[in-house]
Amino acid sequence: MANQLTHRCWASKINVGKRRGWCIFFFFVIISALTPGATAGLAFNDPKVSIFSSLILNIFLLYVALLLIQDVKKVSVSSVWNNIYVGNICTIVDAVTLHLILAKYFSVLGTTIAFIVAFLYTYAVFMVNVGEYQLIKPLLKRKEKAIKVRPIIFFIFFIPLIWFFFKGAIYVLDFPIFENSSILYLFIILFCFVSFAFFYDFIFLSKSYSEIGFVSKPFLWSSSGAVSLFIGSLLLFSKLNLQLSYYLILSFFIPVTLALSYYLTFAIEYPAILQPKWKVLLPFDLPKVTMAMTLALLAASFYLTAKSYSFTIYKDLPFVIALVFLLPVFVATLLIFTYLEAISFRTKLRYWSYLKLGLSLHLIVSLYVFCVIFNLWAAPTSESKVLIYALLFGLFSFAFYLAFALDLRTILRDQAIVPIFKRLDVLLYLIFFCSIFSLIFFTLFLTYGRATYFGRIEFISYPLILFFIAFFLIAFGAYLSVTHKGFEEILGKNIWSELSYIFAFVVFLVVYMLYSSLSNYLHHYPYHNLVFVGYFAVLLIEILSTMTLTGESRSQKIKKENIIHLLNFHAHNFLRTDYLEQLWEEAIARYVPGDELQRMRFDSQNREFHLESVDEMTQVTVAVAILLALHKMPDMEKVMIKRKSLEEIKSELVRLLGEKILMLPEELRVELDRLYYPILYERTINNLLAQLRTFISLSEQQNIFDRLKRREALFNCFEFEKGEMRTREATRFSRDEFLKLFKLYLEALGDEFPFKRCLLRGLVKEEIRTDTHAPFAASEVFDIISTGIKELNLVMAGGLVKGSSTLLIAEETKAKQKLIQALMKRNLLEGTSIIYATSKRPYRQIQGELLMELESVDNLTMLDLYEPLYEEKGISELIEYEDHMLVPLNKILFQRSLVKVIKSQSRNHPRIVIIDVYDDFARYYQPKETYGLLQNQLEGLKRWNCTTVIVLDPHSHLLKKVGRDEVEKNFENILMLSGGEKETVVHIEKLYQGTPSKRVLHLD
């Protein structure tokens, strides 16, 4: 019942939420309708005011959308949002242009048409906003305030400026009559093509998204807005006089077409982040192609307009000749933009964006000067003077662009980056270049002789401009000559870079001389003074671009408090983001589980790794893997500022991580072991010194270290000061060396310890046990073999000492077999080799019992004396198998088999030898012979560093005839097993290196 009520409550909340959403939707639709309606109501009084109110509403909606995009870019760092951001900017420009048309031609359009067009456009803007909000809202993961106080206050104060511009622009806008309307139809075809592609892809995407569970409604709503925009645009187009309002119509269709292309690009790139297959819907850069075609059509329009005004240049020289004259400059700029694209893609520095902007502005200024020179040929000026300036300006401009291109080519070669020249890009650059030149050229022709505000100021006539130019250039040169600690150290200034600055200055001087000698003719061109403003702007952009490379970057402010800060510090100082992205992908593919991938990301634009949302182990592993890979790269000095060697970064990692190094995977941890183990050794020894200070004086500890220095050279890396041990800088040693040094210290410490060594072993074992990050076990320090039984290990201070001999006296019971199996299982798991010789049980039975708990028994070698002894057909020779050996009950053959197995293994590899055959040997041989065999084997096994366990029955003929005391004196440990299966009693009669805390132990 409770579940049903809960379900109903949630259902009601969902329904309320849906109703609230639809209410908000219809509320905005009504506002969208009322605003143009106000236009109709006020049309007979002042239509400009009512149309302006509709403009404000549209700008406000787009303004809110821009704020949302800025917010989502903070949490979802991706270049995909740039498309929708630029699309909204284009829509703002388009909104201003549309409402200027409505206000200027209100009487022509009529109240009804103006109302419908305004309503359709406002609906389109609103639906685009709804789609953007639905896409952005899930990513913000919090309630975002659509209306923020500070931006809205700014917007309110900005309204009067918009009104001033809007009211003035209505009367100022005056374009020449255009008779060739066919160009407009070509542009309308382009607009329709982009619109239809937009409709089709959005509807197709919306349907496909719904099938895969992706966002679908936002794209469906946006497509409905695009349909509304398309209908309103065609309605506007059909009612205006194309010859009178040609350029005003173009100013509306150009931004709206660009906006649709950017929106469409976003709609395809957004899902392509998850599924690259969507990219097939957009095989080329649609905004760039649209912009190129738009500029080409606009340039053709300017040409036809100029032609209607009897356009000619000097001596009827064909216009194509001017373009051919600029061909070298075009080739150089093509190289520059291609190189900039290649290096920008791989480094993602803002520096290259500034360079693109500065180069574009410089190119526009250069083309303007070229156009002025070409137009001066038709003026009554000295032909030779103009020709000289044309040749000088063309020559030095080409030299500047060529030096710039060669400078970038040198950087690309130094960074091993190969630029790619795509045919489509080359064609687009050609269209851009020719179109911009044509637009400037024909604009100069059409505006020739018109006076403007800028035409009243002659920068050349003021002597102060010379001082300003000189001061600015000197300051700029001094700034560039200063070496900044940043990426410009990596990029470096080569001969081509220096030449590019020199040629840029020479080009500026040529322009100044041109303007000085031909100032009487230049005042006819209204905007000629902006050339110097453009050059100064280029210099400012160059300074701003260089500032982005200096050491005063965010990387200097990053505090290296943890591993993430350290990683981001080095990432900020790394040039090639494509390398960072590759290392990031390799690290997460190797070390990060699939469910953690969504919680971490790499911001390539800002060179930041965001790992805060994952667990500490994943953070440390990924960060260390990337940092080590970064500093292993060849030619690191070419890609990183504030460089550190691999050893330096390892030292910093050890200092920062400490015991957390042990959290790393084996392949990463071993790279830091030689740095980590000296720190671990110092900490472990100092902990022991603090606990042993009561029993061993500091002077005795000093003597211990002095003796150890004479015995082992590595101890010279340590100093004993003020009761603590200190490690010298640059000390490096491995884990094996750590264990060696630690064993030597404990051995020397045992000589001075006033009590039994088992107490010292217990103290050290407790220290190791409490240290959760200790990369070694007590058995490695003390050379202890675990018995496999926890209670027995505790009493025996860890187990059996390696290399010792143990006599186990036990009857043939399940308890005895359980103890032997526990010893074998535990040590087989640790990789210890075991040689088990028995005449009490068959090999197959023992192997089957072990495999019930172990995956394999590869390290076990069985000497089976059971089968030859109890089989009907006797065996008189050794029979070898892959994993065991059949041995007759013959002391010579048994001795030979044991030696053969031991010699086949490494002497340094730990081995345990368990022999349970002497009871049967004592029945067939004389007791003295059996005892002699036992003694000889114990001595040999000790020489071969074997840990030996000999098993005898308490009623053995050997113990009775030779004497128990005589036999026991050959062993360092003596254990006696008694009791039944349910309760087993272990008597520890003798223990190497001390007396146990409990002699009798009851095992369950």
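Predicted model: local features only at pLDDT ≥ 70, side-chain atom pairs only at ≥ 80, totals over all residues.
User: OK, at what angle do α12 and α13 pack?
Analyst: Helix α12 (residues 327-347) and helix α13 (residues 350-376) pack at about 170°, and their axes are 10 Å apart. That makes α12 roughly antiparallel to α13, a term used for angles over 145 degrees. Axes here are lines fitted to C-alpha atoms, for helices over the stretch in contact, with angles running from 0 to 180 degrees between N-to-C directions. Helices are DSSP runs of H or I with at least four residues, and strands are runs of E with at least two.

User: Which residues meet there?
Analyst: Contact means heavy atoms within 4.5 Å, and the residues of α12 that meet α13 include V329, I336, F337 and L340, with W352, L355 and L359 among those on the α13 side. The residues of this contact divide into 10 nonpolar, 4 polar and 2 charged.

User: Switching topic, in what order do the 10 strands of the open sheet come?
Analyst: The order is β10-β11-β9-β8-β12-β13-β7-β14-β15-β16, and the pairing is mixed; two strands pair if DSSP finds at least two bridges between them. The edge strands, each pairing on one side only, are β10 (879-880) and β16 (1000-1003).

User: How many bridges join β9 to β11?
Analyst: Strand β9 (residues 860-864) is joined to β11 (residues 884-886) by 3 bridges, and the two run parallel.

User: Which strands does α34 lie across?
Analyst: Helix α34 (residues 843-851) lies across β8 (833-838), β9 and β11, and runs at about 155° to β9.

User: And A730, is that buried or exposed?
Analyst: A730 is exposed, with a relative accessible area of 63%, and it is found in the loop between β4 (724-727) and α29 (735-752). Exposed means over 50% relative accessible area, buried under 20% and partly exposed in between, with a 1.4 Å probe and protein chains only.

User: Last one, how many disulfides are there?
Analyst: The structure holds 0 disulfides, a disulfide being a pair of cysteine sulfur atoms within 2.5 Å. As for two of the cysteines, C90 counts as buried at 13% relative accessibility, and C434 counts as partly exposed at 23%.

Definitions and conventions:
Residues numbered from 1 in each chain as written. Heavy atoms only, no water. Parallel < 35°, antiparallel > 145°, perpendicular 65-115°, else oblique. Nonpolar A, V, L, I, M, F, W, Y, C, P; charged D, E, K, R; others polar.
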